[in-house]
There are 2 protein chains.
Amino acid sequence: MSDDIKILIVGLGLIGGSYAQGLSKKGYTVYAIDKNPNSIKYGVDNNIIKEFNGSNNDLIKESDLIILSLYPKDNVNWIKDNKQFFKENVVITDVSGIKVAIVDEIQQLLDNAEFVPSHPMAGREKSGVENADYNIFKDANFLITPTESNTKEAILLIKELAEALEFSNIEIISPSLHDEMIGYLSQLTHVIAISLMNSKDTEHMIRYTGDSFRDLTRIAKINENLWSELFILNKDILADNIDKFILEMSKFKEILVNEDINEMKKKMISSTERRKLFDKR
Amino acid sequence: MSDDIKILIVGLGLIGGSYAQGLSKKGYTVYAIDKNPNSIKYGVDNNIIKEFNGSNNDLIKESDLIILSLYPKDNVNWIKDNKQFFKENVVITDVSGIKVAIVDEIQQLLDNAEFVPSHPMAGREKSGVENADYNIFKDANFLITPTESNTKEAILLIKELAEALEFSNIEIISPSLHDEMIGYLSQLTHVIAISLMNSKDTEHMIRYTGDSFRDLTRIAKINENLWSELFILNKDILADNIDKFILEMSKFKEILVNEDINEMKKKMISSTERRKLFDKR
């Protein structure tokens, strides 16, 4: 990624702000657009972004790399509303947690611009640019999910973006594998945490709990606006994952009620072996 | 707890060994019995326990405080086999993760000895005295679950035991509240982690996962011999918790399939509020 590239963050929230902060620290020129002028002011005052003297339209016209960090559907709408201002051959990426539902739609909207979808697998429980922290990327995966319409050069630029942000691992996979995986590893686990908290009145248990329960339910604290959109945009995969998981829980309950200790041990040996593969090497 | 008390650990594994290590560091006199002579040798060689020159029967006769750290049913059987050697007024405790199924049975076996049930809510993924580490207690809860047959003095002794081991929080609750709570906070969460790992072939996802999934499934690596016994000894409560959780997951799936975004947000707001109560203060 050349030093004189002009980078535009659209949506200066937690993730957009953390991108801007990390890139500015590396010496890149980063501007931002946000519907909330206080977020822009905070970004400028804290050296997260540079101040731009001019209209948003002029800023878009000068930008070489645009990073969409709005909610998924808002990204699509922003492109519709602003593509007439795009610089020729601008490269655009996003930070969305779902891909199939938006990638084709965005790519079909563009002619002299290229959209390379990507997903930084990082976050915090807090939102807003005030909580921006580029250190959240240091132990995280960065997934690039290109399609046949993407060029090698643009994919390489997004890879360099991820390297500049110091993601620990960068992977290139298809949008459909991305959504299948996220539907299980991330979305199903969030539905589990939500349902676990909602399945029992737990207030009288607060003083007695251990760290396992805290770990497992940390993600039950969830941004309902973002996640309800993500879930619905990946509805079929997520619903299928919920079905398969419920079936597995039901089998376990039957084994328990029958006191079928051998089958129970088999389930535990299987989960132990599968989980070991996920240990960090 | 007076300095000249003689403490006997029955079952020198991970938890028994960690008790022994922590108590020896504080200057207490700790002995152990284990069916595996190598565990005793390791304990003596590493200053975790003192060497006893004599028979196990003689050792039991001299012990003022006995800590049972075998599996739950083995604890009951050990008492049956050895109670004729107990010193008059010996105090006995255990480390078992279930209570109702064993507490009455043990207390009814004893005449000139007192059993104060307790549960250190700590552990590691590894087992055996070689992995003993008394630091696992520093952030952990210690639950004492006495019955009407217990004396204030014996409960106080077990409280002092937990203080000597530097547990961060000591609570006194009934055996039935203990089992209700453990059936949800610990056992249900383990069944969830086991079922999540078993519900999908995940090998192709290993390189892409984030820390949330790792946190949530860490407990899917499980000792099948211990946990199958714990689950069956708390069967009715655990089966009821599984039912309620499956019902909640099914409701969420219906909301998702119907794209009922308002109901979905309500579920997320509710889980967020409930989970916030569990944040450490």
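1. At 32% relative accessibility, B:Glu62 counts as partly exposed, a class that lies between buried (under 20% relative accessible area) and exposed (over 50%), computed with a 1.4 Å probe on protein chains only. B:Lys6 falls in the partly exposed class as well, at 28% relative accessibility. These two side chains form a salt bridge in which the closest N and O atoms are 2.9 Å apart, the term requiring a side-chain nitrogen of Lys or Arg within 4 Å of a carboxyl oxygen of Asp or Glu. The pair links distant parts of chain B, with B:Glu62 in helix H3 (residues 56-62) and B:Lys6 in strand E1 (residues 6-10), 56 residues apart; helices (H or I, at least four residues) and strands (E, at least two) are DSSP runs numbered from the N terminus.

2. The model is predicted, so to speak of local features requires pLDDT of at least 70 and side-chain atom pairs count only at pLDDT 80 or more, whereas totals for chains, interfaces and linings use all residues. Residues are numbered from 1 along each chain as its sequence is written, chains are lettered from A and ligands numbered from 1 in the order in which they are written, and side-chain values use heavy atoms, with hydrogens and water left out.

3. Over all chains, the count comes to 40 salt bridges. In chain A, the side chains of A:Glu166 and A:Lys138 meet in one of 3.9 Å, N to O. A:Glu166 lies in the loop between helix H6 (152-164) and strand E8 (169-172), and A:Lys138 in the loop between strand E6 (118-121) and strand E7 (141-144), so that the pair, 28 residues apart, links distant parts of the chain. A:Lys26 joins A:Lys138 and A:Glu166 in a network of salt bridges. A:Glu166 is partly exposed at 36% relative accessibility, and A:Lys138 is partly exposed at 34%.

4. Across the interface of chain A and chain B there are twelve salt bridges. In one, B:Lys235 meets A:Glu259 with the closest N and O atoms 3.2 Å apart; B:Lys235 lies in helix H10 (residues 235-257) of chain B and A:Glu259 in the loop between helix H10 (235-257) and helix H11 (261-276) of chain A, so the pair joins two chains. A:Glu259 counts as partly exposed, at 41% relative accessibility. Another salt bridge pairs B:Asp215 with A:Arg218, at 2.2 Å, N to O.

5. Chain A and chain B bury about 8900 Å² between them, 67% of it on carbon and sulfur atoms, where buried area is the accessible area (1.4 Å probe) that two parts lose on being put together, summed over both. The contact (heavy atoms within 4.5 Å) takes 84 residues from chain A and 84 residues from chain B.

6. Which elements of chain A each supply at least two residues of the side that touches chain B? They are E7, E8, helix H7 (175-198), helix H8 (211-217), helix H9 (224-233), H10 and H11. The largest share of that side, 16 residues, comes from H10(A).

7. Helix H6 (residues 152-164) of chain B has 13 residues, and from its first C-alpha to its last it reaches 18 Å, close to the 18 Å expected at 1.5 Å a residue, the expected span being 1.5 Å times one less than the number of residues. The buried residues of H6(B) include B:Ile155, B:Leu157, B:Ile158 and B:Leu161. Just after H6(B), B:Glu166 takes a positive phi of about 60 degrees.
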